[in-house]
Amino acid sequence: METKQSDMMGGLAKGLRVIEAFTADTPRLSISEAASISGLDRATTRRCLLTLFEHGYCAYDGKYFTVTPRVLRLGTGCLASMPLPRIVQPWLDQLSEKIGQSTSVAILDEGEIVYVARAAQRKVMSIALMPGSRLPAYCTSMGRVLLASLPGGDARALLEGFPMTPRTQFTLTDPEAVEQEIAKVRHQGYACVDQEVEIGLRSIAVPLKNARGSVVAALNTGLPASDEPMSAIVGRFLHPLLDVSNELAGILA
């Protein structure tokens with residue numbers, strides 16, 4: 001099909017050239033550098049970059065621009081066929097930088113969670129968590145979020161088939177108490193765990209849903225325990241977690 005010049009949008013074409021200037025080798029660009037790479041004049045490049053910044057597709061520190069994970073929304077169709085870890089990793093990296101804490105994404109495998117992506121800011125557990133690491137679902141924040149996404153009977157069956165041994169003196173091991181906690185998570189939409197997995201570790205998790213509203217994974221942040229009440233922890237970290245969850249909702253398959 002032959003495209004007429006009058007049918008083309010010059011501004012859009014220039015904006016795409018500026019976006020394409022950002023690569024693995026050039027992740028941070030000044031206006032002059034972006035202009036040089038894109039082949040556009042400085043004034044046009046500046047307008048393109050500031051427009052991208054205004055709409056959340058770029059971050060700007062006063063000198064350098066960097067693209068944000070929001071750019072990935074432009075390729076939603078392609079992203080739908082990408083493996084989950086590759087999709088979520090940019091969001092994890094950005095979230096960890098924003099809140100100053102480690103973040104993770106996990107899926108449910110029978111009675112365990114399996115870490116599929118992680119952005120570590122600091123070591124908060126005695127074991128080294130990485131993609132492929134497993135922890136029990138019944139006593140982890142991501143596990144409870146994922147169990148809460150299941151019909152009650154399915155969650156109960158998983159719990160009954162997995163030994164609930166106490167990892168610390170705070171671990172809930174009574175099946176009814178765990179089910180009540182999962183019901184609470186189902187109602188409020190997030191899970192908090194206070195030193196049930198390991199002494200000195202707290203975490204908060206939210207579900208990751210796809211465009212159809214189905215839970216496909218869980219997202220959490222883990223942080224050292226302190227005298228700060230859990231309600232304050234929720235107030236500080238829940239909204240950043242939910243923001244990422246909402247961003248990914250239109251992308252995950």
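1. Ground rules. The model is predicted, with local features needing pLDDT of at least 70 and side-chain atom pairs counting only at pLDDT 80 or more, while totals for chains, interfaces and linings use all residues. Residue numbers start from 1 along each chain as its sequence is written, and side-chain values use heavy atoms, with hydrogens and water left out.

2. Positive patch. Lys-14, Arg-17, Arg-42, Arg-46 and Arg-47 gather on the surface in a patch of positive charge. A patch takes residues with over 30% relative accessible area and no salt bridge, like charges being joined within 9 Å and nonpolar side chains (Val, Leu, Ile, Met, Phe, Trp, Tyr) within 5 Å. Areas are Shrake-Rupley values with a 1.4 Å probe; Lys and Arg count as positive, Asp and Glu as negative, and His and the chain ends are not counted. Each charge is placed at NZ of Lys, CZ of Arg, CG of Asp or CD of Glu.

3. Helices H1 (10-20) and H3 (42-54) are the elements giving two or more residues to the positive patch, and H3 has the largest share, with 3 residues. Helices (H or I, at least four residues) and strands (E, at least two) are DSSP runs numbered from the N terminus. Arg-42 lies in H3 and is partly exposed at 49% relative accessible area; the classes are buried under 20%, exposed over 50% and partly exposed in between (1.4 Å probe, protein chains only).

4. In one of them, Glu-112 meets Arg-134 at 3.0 Å, N to O. Glu-112 is in strand E4 (residues 112-119) and Arg-134 in strand E5 (residues 134-136), so the pair ties together parts 22 residues apart in sequence. Both ends are partly exposed, Glu-112 at 24% relative accessibility and Arg-134 at 40%.

5. A buried pair. Glu-196 and Arg-144 form a salt bridge with their closest N and O atoms 2.6 Å apart. Distant parts of the chain are linked here: Glu-196 is in the loop between strands E6 (191-194) and E7 (201-209), Arg-144 is in helix H6 (residues 141-148), and they are 52 residues apart. Both residues are buried. As for H6, 8 of its 8 residues are buried, so the helix is largely enclosed by the rest of the structure.

6. Arg-202 pairs with Asp-194 in a salt bridge, closest N and O atoms 3.2 Å apart. Arg-202 is buried at 6% relative accessibility, whereas Asp-194 is partly exposed at 30%. Elsewhere, salt bridges with shared partners join Asp-109, Glu-112 and Arg-134 into one network.

7. Thr-171. This residue is in the loop between helices H7 (152-160) and H8 (175-188), buried at 9% relative accessibility. A polar atom of the Thr-171 side chain lies 2.9 Å from the backbone nitrogen of Thr-168, and one lies 2.6 Å from the backbone oxygen of Glu-196.

8. Positive phi. Two residues to look at are Glu-110, with phi of about 55 degrees, and Gln-195, with phi of about 60 degrees. Glu-110 is in the loop between strand E3 (102-109) and E4 and is exposed at 58% relative accessibility. Gln-195 is in the loop between E6 and E7 and is buried at 17%.

Terms used
Salt bridge = Lys/Arg side-chain N within 4 Å of Asp/Glu carboxyl O. Polar contact = N/O pair within 3.5 Å; in protein donor to acceptor, adjacent residues only side chain to side chain.
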